[in-house]
Amino acid sequence: MKMFELEKYGKTHKITVQVASYMEGNLAVLLNCWEDGEPEPWNTLTVNLDLVRPLHCAYIDTNNNGEEILEWIRRNNLAEPTGNSGRSGYCVYPEYRFHEEVLMELDPEGYSEYLAEWKMRYGA
């Protein structure tokens with residue numbers, strides 16, 4: 001299991017990435033913190049808007065994670081910006097395309113379930 005370091009709130013946190021799906025099959029990426037040697041939910045990296053996203057694409061929740069999370073995503077080679085964005089209320093969320101091989105490496109079971117769900121719903 002690969003651990004990432006995430007600096008937030010004046011501390012460096014050990015984080016793992018979990019892959020899941022939202023209700024309609026969109027990619028959900030969850031962050032778990034390992035403060036006491038056990039995983040605890042930290043935050044959701046992605047946000048689900050009412051639009052079906054392409055395979056491996058998700059809006060990044062900069063509202064709850066801050067804009068600095070975008071550099072953390074790039075630095076850890078998790079995803080690349082697509083140039084698209086979605087809006088909810090006053091918040092604008094950038095869309096990123098996650099690297100398939102990285103998702104598979106970080107959470108093989110979660111990624112396989114996401115992929116099967118997405119393909120069942122949308123084909124391809």
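Predicted model: local features only at pLDDT ≥ 70, side-chain atom pairs only at ≥ 80, totals over all residues.
Me: Why is asparagine 77 called partly exposed?

Reply: The relative accessible area of asparagine 77 is 40%. Buried would require a value under 20% and exposed a value over 50%, so asparagine 77, at 40%, counts as partly exposed.

Me: Why does histidine 56 count as buried?

Reply: The relative accessibility of histidine 56 is 9%, and the cut-off for buried is under 20%, so histidine 56 counts as buried. Histidine 56 lies in the loop between strand 5 and strand 6, and it has a positive phi of about 75 degrees although it is not a glycine.

Me: Why are the buried residues of helix 2 placed on the same side of that helix?

Reply: The buried residues in helix 2 are Ile69, Leu70, Trp72 and Ile73. Because these residues cover an arc of only 160 degrees around the axis, they lie on the same side of helix 2. As for their partners, the buried residues of helix 2 pack against strand 1 (4-8), strand 3 (27-33), strand 6, helix 1 (62-65), strand 7 and strand 8.

Me: What makes strand 5 and strand 7 edge strands?

Reply: The open sheet is formed by 4 strands in the order 5-6-8-7, with antiparallel pairing. Strand 5 (46-47) and strand 7 (79-88) each pair on one side only, and they are the edge strands. Helix 2 (residues 68-75) packs on this sheet, where it touches strand 6, strand 7 and strand 8, and its direction makes about 5 degrees with that of strand 8.

Me: How many bridges join strand 7 to strand 8?

Reply: There are 7 bridges between these antiparallel strands, and the requirement is at least two, so strand 7 and strand 8 also count as paired. Arginine 87 has valine 92 of strand 8 as its bridge partner. The two strands form a hairpin with 2 residues between them, and in the turn glycine 89 has a positive phi of about 60 degrees.

Me: Why are the buried residues of helix 4 said to line one face of the helix?

Reply: Helix 4 buries Gly110, Tyr111, Tyr114, Leu115 and Trp118. Seen down the axis, these residues fall within an arc of 130 degrees, so they line one face of helix 4. They pack against strand 2 (11-21), strand 3, strand 6 and helix 3 (100-106), whereas the face turned away from the buried side carries the exposed residues Glu109, Glu113 and Met120.

Me: What span does helix 4 reach from its first C-alpha to its last, and what is expected?

Reply: Helix 4 (residues 108-122) has 15 residues and reaches 21 Å, close to the 21 Å expected at 1.5 Å a residue. Just after helix 4, glycine 123 takes a positive phi of about 75 degrees.

Technical notes: Residues numbered from 1 in each chain as written. Heavy atoms only, no water. Contact = heavy atoms within 4.5 Å. Axes fitted to C-alpha atoms, helices over the stretch in contact; angles between N-to-C directions. Buried < 20%, exposed > 50% of the residue type's maximum accessible area, 1.4 Å probe, protein only. Arc of directions from axis to C-beta. Expected span 1.5 Å × (residues − 1).
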